[in-house]
Amino acid sequence: MQKVVKQRMMALNGDEAVAWAVKQSNVDVVSAYPITPQTLIVERISEFVHNGEVDMEFIKVESEHSALSACVGAAAAGARAFTATAANGLQLMFEILYITASLRLPVVMVVVNRAPSGPINIHCDHNDTMGARDSGWIQIYTEDAQEAYDSTIQAFKISENPEVLLPTMVTLDGFFISHTLQNVSLLPDEVVHEFLGVRKVPKIKVPEIHGDKEVPLMLNPRYPLTFGPLDLFDYYFEHKRQQIEAMMRAYKVIEEVHREYAEISGRSYGDGFIEPYRIDDADVVVVGLGSTMGTTKTIVDELREEGKKVGSIRVRVFRPFPRERLKKVLCNFDAVGVLDRGISFGHYGQLYTDLCATLYGVKDAPAMIDFVYGLGGRDMPPKLLKKIFEEVLEARVKGPEPVFRIKGVR
Amino acid sequence: MSKRGWQEIPIAGIPFLESTEYHTGDWKVFRPVIDEQKCVKCGNCWMFCPDSAIEWDGESVPKPNYKYCKGCGICAEECPAKAIEMVR
């Protein structure tokens, strides 16, 4: 096992932590458009470029649609490309999200979660990235600035793995993480360089065009390939099947990258997919995403002191969804409360529906309640979390009905 | 020929055949037919064809390549001798 390397601590907010991760990751091209609460990422990176601290091309664009399009072009030319956005910006990228994934380009994007308009809101909820969950991107939801830094570095390695070749979206909660100062441990530049290396372009065989020779999967006049042409009912479905399989292979790669990174940094987040907290003898647990799960740990501690057997599980990777892990662990509990900082109007929160699909037909599946909270950055105070735990404890006796509960709204 | 499965084609939607193997002329409704008597061999149809589907040696009567001709009718429109008829 590798030795944990000595690191330097800096006071950074979540956005700055991401910018530092990008600075150290040998990125070739950054193309991004500023939007609150992501702006600081773009500002810091452009400062790094302006000051000559990085060897990176910063492409200024007129919109997010163009920002991601520029990354698509750069990545297709073999570059390591990065962009960042939030809410409305992500929505403007929507067309290109699917294209990035289907062209199998390992672009990394950080999304600072912000409630989608309207009415216009700049604060955190997860409805922006939840809207993009089916676009074929890997999604990692982080809990704090340190994890945002760590996950951004990991994302390049996951995406560029030839078994995967899918773009990765790393998210952090707007303002709660993006603008909150925290002590962040930074790896030395050379350690990150060694961890990621230079992007290697995979090779493919196209016998009818290039004979037996393996050619790089990139835009290269020497070995011409066409990216993104018409693909109708004859082959489109086969290409989607390849994407489905790549996502399945990503499980192993995400786990490996997380473990390798833990060995050099000394930091890990559960098994990389889910982060359980004090669940060993728990009767009930609360499951959720993002920064709220930090507060949840504190509440778990408080309730444990009162003698209540509670725990929490944070889902870190949302796509591919860690269904086998969750299936295995959740059946140990009597009741589960699901925290959803998002809502599919006309249905439940997105995490809850995915958990229901995961547990359907499973013997010993727990009673499950969906708690929708915090839309538009509405605070989740410890008192409310405590109440939610109490309701989940009650469900052991009374059952989960009603399963859909909206919390923190007047 | 049976179509290839997902494990037999390149990833990323990269086409595995050269573009000439895609017979884009398959979907046309009208095809241009050149009247050799009327044709003045000016080369207008050859020049205007957006798909380069008209073959011409610079001397004789041009010949449409129906494998790639989509039947747009631009050649007929541009022919000064009205020598091209669009036939269903």
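The model is predicted, so local features need pLDDT of at least 70 and side-chain atom pairs count only at pLDDT 80 or more, while totals for chains, interfaces and linings use all residues. Residues are numbered from 1 along each chain as its sequence is written, chains are lettered from A and ligands numbered from 1 in the order in which they are written, and side-chain values use heavy atoms, with hydrogens and water left out.

I start with the interface. Chain A puts 21 residues into the contact and chain B 14, where contact means heavy atoms within 4.5 Å. The two chains bury about 1800 Å² between them, and 68% of that is on carbon and sulfur atoms. Buried area here is the accessible area, with a 1.4 Å probe, that two parts lose on being put together, summed over both.

How many salt bridges cross the interface of chain B and chain A? The rule, a side-chain nitrogen of Lys or Arg within 4 Å of a carboxyl oxygen of Asp or Glu, finds 1. Glu208(A) forms a salt bridge with Arg4(B), with the closest N and O atoms 2.5 Å apart. On the side of chain B that touches chain A, 9 residues are nonpolar, 2 polar and 3 charged. Nonpolar covers Ala, Val, Leu, Ile, Met, Phe, Trp, Tyr, Cys and Pro; charged covers Asp, Glu, Lys and Arg; the others, Gly among them, are polar.

Next, the sheet. In chain A, 6 strands form an open, mixed sheet in the order S11-S13-S12-S15-S16-S17. Strands are DSSP E runs of at least two residues, helices are H or I runs of at least four, both numbered from the N terminus, and two strands pair if DSSP finds at least two bridges between them. S11 (274-277) and S17 (404-406) of chain A are at the edges with a single partner strand each, so one side of each has no neighbour in the sheet. S12 (284-288) and S13 (310-315) of chain A run parallel, joined by 5 bridges. Val287(A) has Ile313(A) as its bridge partner in S13(A).

Last, the backbone. Most residues other than glycine have a negative phi, and most peptide bonds are trans. The bond from Thr36(A) to Pro37(A) is cis, with omega near 0°; Pro37(A) lies in the loop between strand S2 (29-31) and helix H2 (39-50) of chain A. The bond from Gly118(A) to Pro119(A) is cis too, with omega near -5°. Lys41(B), not a glycine, has a positive phi of about 60°.
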